[in-house]
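Trainee: Hi! Could you walk me through this protein? I'm new to reading structures.
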Amino acid sequence: MNLNIALLKGDGIGPEIVDSAVRVLEVIGEKYGHKFTFTPYDIGGCAIDKHGMPLPEETVKGCLEADSVLLGAVGGPKWDTLPGNMRPEKALLGIRAAMNLFTNLRPAKLYPALKDECPLRADIVENGFDIMIVRELTGGIYFGERGMREGKYGEEAYDTECYSRMEIERIARVAFESAKKRRGKLISIDKANVLESSRLWRKVVHEIAEEYPEVECTDMLVDNAAMQLVRNPAQFDVIVTSNMFGDILSDEASQITGSIGMLPSASLNETTKGLYEPIHGSAPDIAGQNKANPIATILSGAMMLLYSFNLAKESEAIVKAVDKVLEAGYRTADLAHGAESLGTKEITDKIIECI
Ligand code: NAD
């Protein structure tokens, strides 16, 4: 295949970790006979410095024209005092909206080799866990009507949670498809005991469930889900939930893996195009020091091969190489706890050796 990939390296450790993922993808291309063409575009703080805005038009155009997009991270102290719409993070919302990325896939997996990183008791995570969170990304309260007004007690602020049947149907289908390819278990998380929008969510998910008799689908209230994630994370296979609940629960799930430098994500739309990025930020404290863990970004590249290009074998080759490197005991500084560690470039070399 000939594939064009837009690279949004961004700020902080972004350039280093994206370079690692590119090296890995190039090796995959050579081994399996694909040609990946990478085109870099500015986003975030570096785009503010160069173009006076966090998401230049040229970047949006480049992403829309590419077959897929790989993002590092944006932001840093240099731009922290700028007004809201000029902040680097604003570019993330902008590019998601421009690409209509309504699905966010966030795997949270506890690697056997990294069991000791998990902050939960050993008996709780004896058998590890492997959760796929499917979060709705372009609707709900983050995009609903909001405002300020004078109320009975003076100044008031409000935000609105609103979901249409169409928005629920399309995210539910993504989740059922994902469950079908995994262990066949889907838990839909809502707050249907209180919220009208959750009651529609639940009704529509149940309707779509009829199309997927092979998937076991149950509901869970969000407060219970927050508890169950730390009580027994292994009970979850695929989770589907709204934008805000997904935002919170996916961060909780990532924390119980104990290693944010390891977790990739994919944001998808109705086409095969997607935006792939690590879940962590730009880590300004370690930027430019060859200390960043590139694995989350390398695994984001593996997700791209699977979800955008349908290259399952190639994707699996990356996942297996990462597993092997961890099993062999190699660690970056974030996972080494003061013991000997490898730099960003060196752990990438090890992963490449294992492909
Ligand atoms: P962060 O994720 O950047 O860093 C939190 C801690 O984890 C730091 O100690 C950092 O060194 C460490 N860390 C993160 N990724 C690592 C990696 N790959 N390898 C080793 N260590 C790693 O979060 P923060 O410090 O809250 O935010 C820093 C900047 O990143 C802010 O400007 C924030 O707005 C931005 N941010 C961007 C994104 C994004 O681009 N998607 C997401 C979150 C935060």
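Mentor: Happy to! One term before we start: a residue is called buried when its relative accessible area is under 20%, exposed when it is over 50%, and partly exposed in between. Also keep in mind that this is a predicted model.

Trainee: Okay, let me try that. Is Thr332 buried or exposed?
Mentor: Thr332 has a relative accessibility of 1%, and the limit is under 20%, so Thr332 counts as buried.

Trainee: And where does Thr332 lie?
Mentor: Look at the loop between helix 10 (312-327) and helix 11 (333-336); Thr332 is there.

Trainee: Which residues does Thr332 touch, leaving out those up to four places away in sequence?
Mentor: With those left out, Thr332 touches Lys291, Ala292, Asn293, Pro294, Ser341, Leu342, Gly343 and Ile347.

Trainee: I think I saw Asn293 by the ligand too. Which residues are closest to the ligand?
Mentor: Good eye! Asn293 is one of the closest, along with Val74, Glu89, Gly281 and Ala283. In total, 20 residues surround the ligand.

Trainee: What classes are in that shell around the ligand?
Mentor: The shell has nine nonpolar residues, seven polar ones and four charged ones.

Trainee: What does Glu89 do there, in terms of distance?
Mentor: An N or O atom in the Glu89 side chain is 2.3 Å from an oxygen atom of the ligand. For Gly281, a polar backbone atom is 2.7 Å from a ligand oxygen. Asp285 also takes part, with a polar side-chain atom 2.9 Å from an oxygen atom of the ligand.

Trainee: How much of the ligand's accessible area does the protein cover?
Mentor: On its own, the ligand has 810 Å² of accessible area, and the protein covers 67% of that.

Trainee: Back to Ala283. Where is its place?
Mentor: Ala283 is in the loop between strand 12 (274-278) and helix 9 (295-307). Ala283 has a positive phi of about 40°, although it is not a glycine.

Trainee: Which other residue has a positive phi although it is not a glycine?
Mentor: Asn290 does, at about 60°. Asn290 also sits in the loop between strand 12 and helix 9.

Trainee: Why does Ala283 count as partly exposed?
Mentor: Because its relative accessibility is 22%, which falls between the 20% and 50% limits. Asn290 is partly exposed as well, with a relative accessible area of 25%.

Trainee: New topic: Ser68. Where is Ser68?
Mentor: Ser68 belongs to strand 3 (residues 68-73), and with a relative accessible area of 1% Ser68 is buried.

Trainee: What does the side chain of Ser68 reach?
Mentor: The Ser68 side chain reaches the backbone oxygen of Gly274 at 3.1 Å. Leaving out residues up to four places away in sequence, Ser68 has contacts including Asn4, Tyr276, Met304 and Phe309.

Trainee: How far is Met304 from Gly144?
Mentor: From C-alpha to C-alpha they are 30 Å apart in space, and 160 residues apart in sequence. You'll find Gly144 in the loop between strand 5 (130-136) and strand 6 (146-151), and Gly144 is buried at 16% relative accessible area.

Trainee: Last one! Which domains does the chain have?
Mentor: The domain assignment gives domain 1 (1-105 + 263-355) and domain 2 (119-256). Their C-alpha centres lie 25 Å apart. Where they are in contact, 13 residues come from domain 1 and eleven residues from domain 2.

Key: Residues numbered from 1 in each chain as written. Predicted model: local features only at pLDDT ≥ 70, side-chain atom pairs only at ≥ 80, totals over all residues. Heavy atoms only, no water. Near = heavy atom within 4 Å. Polar contact = N/O pair within 3.5 Å; in protein donor to acceptor, adjacent residues only side chain to side chain. Areas by Shrake-Rupley, 256 points an atom, 1.4 Å probe, with all protein chains shown as cover. Nonpolar A, V, L, I, M, F, W, Y, C, P; charged D, E, K, R; others polar. Helix = DSSP H or I, 4+ residues; strand = E, 2+ residues; numbered from the N terminus. Buried < 20%, exposed > 50% of the residue type's maximum accessible area, 1.4 Å probe, protein only. Contact = heavy atoms within 4.5 Å. Domains from an automatic or database assignment.
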